Each structure stands twice: as structure tokens, then as C-alpha cells.
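Please open the structure in your viewer and keep the selection tool at hand. The stops below say what to select next and what is there.

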Amino acid sequence: MAKARSYTDELAEWVKKRDKTRTRQDKNVVAFLAVRDDVKEAIAAGYAIKTIWEHMHEQGKIAYRYETFLKHVKRHIKEAKTDKQPVLAAKNEAAASAANKQPDNKPATAAPKAKGSEAKENEKPQLPGTGGFNYQAKPNKEDLI
């Protein structure tokens, strides 16, 4: 009589079969990265993302769902632009701090700021021609009807 297979052996065999038929996420990312420049160009030309996906899907350039395409557009095109700015700012700060170091690796001391200059730096710039809104707890008698 043949010995019954254990559940873990059966499960391991099923996982191997499933992995062969399952699409891999990295395959979709690679496919998107291959057409990323075309997608950027089409978005810049004013085409809707849905239209771009439909055309590429119909042409066979990408074989995944629209939701996956949106995720890749967001991650690799839209967020990629904003991610680069902080990196450049950090590099500029590092270069500036390296330039301000003295030979003994101590930071250069800056001249003390005047009190008036600190207040000016903290103020938000006003747009020309707009006064903005200033709340006052006590109303002006002239402004009342």
C-alpha cells in the first residue's frame, strides 16, 4: 500500500505549479520602463492616460491592467519628478557645508544676524496688488455699517 503524501509535500508541489503560470510583477515594471519615454511624451502632448494605455495594450506593448499602468505612471513618472528635487537640494546643502568648513573641519562661523533681518526672513512675501486678509478681534468703527 502506498503511503499518503503529507500536506506540506502537496502544498510545495502546488506552489511550484502556480509560480510557473503566475505573472511576475517585475515583468510588468520592466515592460513599463521600456515604454516610459513614450508615455512621458504622450502625456506632455496632452493625451489622456487611459487613451495611452488602451493604445499600448492593443498594440501588445504592455499586457497588464489599467490600474497597474496607473500605478507605474504615478511611481515612475509623476513622483519621479518630485523625488529628484529634494535629492538635488540635499546635494547642494552638502556642497555648501563642505565649502564652509575650515581646514580643521570646524564649520565656519557666520556673522550674527540683526533682529530686523530675522523678522524679514520669516515673513511671507505679499503678492503685488493684494493686501491679504488680516483678522482683528476688535472691529474698526469706520468699517461697520
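## First stop: His 57

Select His 57 and, leaving aside its neighbours within four places in sequence, you will find it in contact with Ile 62, Ala 63 and Tyr 64, where contact means heavy atoms within 4.5 Å. This is a predicted model, in which local features need pLDDT of at least 70 and side-chain atom pairs count only at pLDDT 80 or more, while totals for chains, interfaces and linings use all residues. Residues are numbered from 1 along each chain as its sequence is written, and side-chain values use heavy atoms, with hydrogens and water left out.

His 57 is found in helix 3, helices (H or I, at least four residues) and strands (E, at least two) being DSSP runs numbered from the N terminus. At 35% relative accessibility, His 57 counts as partly exposed, on a scale where buried means under 20% relative accessible area, exposed over 50%, and partly exposed in between, with a 1.4 Å probe and protein chains only.

## The loop after helix 3

Move on to Gly 60, which follows helix 3 and has a positive phi, near 85 degrees. Then select Ala 63, which lies in the loop between helix 3 and helix 4 and is exposed, with a relative accessible area of 71%.

## The buried side of helix 3

Which residues of helix 3 are buried? Select Ile 49, Ile 52, Trp 53 and Met 56, which are the buried ones in helix 3. They lie on the same side of helix 3, because they cover an arc of only 95 degrees around the axis, the arc being that of the directions from the helix axis to the C-beta atoms.

## The largest nonpolar core

Next select Phe 32, Val 39, Ile 52, Met 56, Ile 62, Phe 69 and Val 73, the residues with the most contacts inside the largest nonpolar core, which has 14 residues. A nonpolar core is a set of buried Ala, Val, Leu, Ile, Met, Phe, Trp, Tyr and Cys residues joined through side-chain atoms within 4.5 Å. At least two residues of this core come from each of helix 2, helix 3 and helix 4 (66–99).

Keep Phe 32 selected and look around it: leaving aside neighbours within four places in sequence, Phe 32 is in contact with Val 39, Tyr 64, Phe 69, His 72, Val 73, His 76 and Ile 77.

His 76 has its place in helix 4 and is buried, with a relative accessible area of 17%. With neighbours within four places in sequence left aside, the contacts of His 76 are Val 29, Phe 32, Leu 33 and Arg 36. Asn 28 sits in helix 2 and is likewise buried, at a relative accessible area of 16%. Set aside its neighbours within four places in sequence, and Asn 28 is in contact with Tyr 64, Thr 68 and His 72.

## The largest pocket

Now select Asp 38, Ala 42, Tyr 47, Thr 51, Ile 52, His 55, Met 56 and Lys 61, which line the largest pocket. Helix 2 (25–44) and helix 3 (49–59) are the elements that give two or more residues to this lining, and helix 3 gives the most, with four residues.

## Stepping back

Finally, show the whole chain, whose secondary structure comes to five helices and zero strands. Of its 145 residues, 12% count as buried. Among contacts between residues at least 6 apart in sequence, 47% join residues at least 24 apart.

How values were computed. 1 Å grid on protein atoms, 1.4 Å probe; cavity = no way out; pocket = protein on both sides within 12 Å on 5 of 7 lines; lining within 4 Å.
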